Amino acid sequence: MAAVDHVQNMNDVALKPRLLRSLTKHHLPDEKHPLKNPLHLSRVISTVKTHRLLSENPASQSADQKHIDRWKSAVDAWVNRLLVLVSSNMPDKCWAGICLLGLTCQECCLERFLASYSDWFQKLLSHIQPPVESHFVKVASCAAISDLLTRLGGLPNEKKEGTSHASKVLQPVLKLLSDDSSDAAWDGAVCLLCTVITFFPSSVHRHYDSAEAAIVSKIMSGKCNVNTLENLGHCLALLPKSRGDEDSWSLMMQKVLLSINVHLNDAFQGLEEESQCSEAMRVLVPPGKEPPPPLGGQTSSDLATKRPDQYLVSSVSTLMLCCSTMLTSSYPVQIPVPVKLLLMLAARILRVDGSLSQALYPITTTMQQELICSELPLLHMYSLELLAAVVKGVRSQLLPHAAGIVRLLTEYFRACVLPELKTKCLVIYRAGMAVYLTQEVVNNAFADLGSTAYVNGEISSKPYLKVSTQLLQQPYQRKRKHGTIAGCLGEHTDRVGSEVSAPRNPTLLS
């Protein structure tokens, strides 16, 4: 009799309901039994995904109908158990139910999702609103709602309902960001906000200014870890997509650049000539023109009172990451890119090495100099990332600015000491500056080879030299591809003395 119950193999449709019922019975908590070990959930999730236990879609069209009915019944029992857990007053059970309901939103069949997503959404939404106190429950709820909205965003016929649901999420999410909560809760809220902007941008229109203010306030607070700051910078870069017009992108970029330079005015006091500061501000806000509204609605006095000195660099780095993301992400319309302003910002930072200006010695204390010197490598890395984003985002339309980029990189590469920063320079070099920086790479490589120790044939102290060697070993190609600075310049300078004409159209980001 036992032999009758055997399945044919691991792909037999009869195995699916058995596995699912076993998971429901032995690994999920219920009203009487607590959650034994949270780590068991990872095994449950892995098993469900591997065997597609929630798909209700047999691989074979000739599957026995009774097995299909048993499979549907097993999924019904699974969902009912999860809904009981989601409604539990015990945070650990509620958390487990929410996590697995998010998985169910991803894995269940389309018919079940369409029939149930509205009810699931309401249950999940209640767990990111007061009076819920558990951070774990809030984070899990944000992730589960994000899973639900992501699948809903891929269904064209459900766009109207999806937009309605997404609009209900925004106020609770912004409340989470403004609360003095935890990094995990902020991460969950930011990721959910990114999902809403990506799939249902029109739902953000009414809350655009509030979203910008909440994100910027958290960036400037000095309370977030590195991962949270990266998520916040990415979310701020996505925000103009919710409007999708040229003015929104340009205004956000202008406000971010102005905010970065205002911060640098404080950070670089005594480390750069005053003319650098005044020139940057003059170009950002030309005489006679009104400055843009402050980023996130924060005035200079707000920044002065709320920003601890030790967190200034992390705020600047996050805003620079935002600029890089805006340059390399797709956008619904073509927009003019302020290449000159971006290159000026990168140059301003890369030319500060921590040495004091003789005329400004009394202004900067020893402690201030030590602090900024400790953070300068990070600022330099983000400046190089910004240069790389400009090259990648604008491509062949960089022609009018190519000479300035080559000059800046050449100057910096000569003075650069840290291998990580040299490696980053070489990445930009490979992206389109090969013809113009080859000699600098050769010079630096020979200089460093003289003081480099080799261990078992490997370069031990200068890892960037490996990258240099790979690049220099590449054969020189006379016929270059379109879309890079070198290629673009090469087409106009194949003969000595030939003229290079700049394109008349403004630089556009597609």
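A disulfide here is a pair of cysteine sulfur atoms within 2.5 Å. The model is predicted, so local features need pLDDT of at least 70 and side-chain atom pairs count only at pLDDT 80 or more, while totals for chains, interfaces and linings use all residues. Residues are numbered from 1 along each chain as its sequence is written, and side-chain values use heavy atoms, with hydrogens and water left out.

View A. The structure holds 0 disulfides. Take C105: the nearest cysteine sulfur belongs to C108 and sits 6.6 Å away. C105 has 0% relative accessibility, so it counts as buried (buried means under 20% relative accessible area, exposed over 50%, partly exposed in between, with a 1.4 Å probe and protein chains only). C194 is buried too, at 11%, and its sulfur is 3.7 Å from that of C235, too far for a bond.

**View B. Around L148 in the nonpolar core.** A nonpolar core is a set of buried Ala, Val, Leu, Ile, Met, Phe, Trp, Tyr and Cys residues joined through side-chain atoms within 4.5 Å. The largest one has 136 residues, and L148 is among those with the most contacts inside it. Helix 16 (residues 366-394) gives the most to this core, 12 residues; helices are DSSP runs (H or I, at least four residues), numbered from the N terminus. Leaving aside neighbours within four places in sequence, L148 is in contact (heavy atoms within 4.5 Å) with C105, F113, Y117, W120, F121 and L124.

View C. L41, V44, T47 and V48 are the buried residues of helix 2. They cover an arc of only 125° around the axis, so they lie on the same side of helix 2; the arc is taken from the directions from the helix axis to the C-beta atoms. These buried residues pack against helix 1 (15-26), helix 3 (65-86) and helix 4 (91-107). Over on the other side, R43 and T50 are exposed.

**View D. Salt bridges.** A salt bridge is a side-chain nitrogen of Lys or Arg within 4 Å of a carboxyl oxygen of Asp or Glu, and the count comes to 9. In one of them, K255 pairs with E212, with the closest N and O atoms 2.8 Å apart. That pair links helix 11 (residues 246-267) to helix 9 (residues 208-220), 43 residues apart. K255 is buried at 9% relative accessibility, and E212 is buried at 4%. K72 and D76 also form a salt bridge, at 3.5 Å, and both lie in helix 3, 4 residues apart.

Technical notes
Helices (H or I, at least four residues) and strands (E, at least two) are DSSP runs, numbered from the N terminus.
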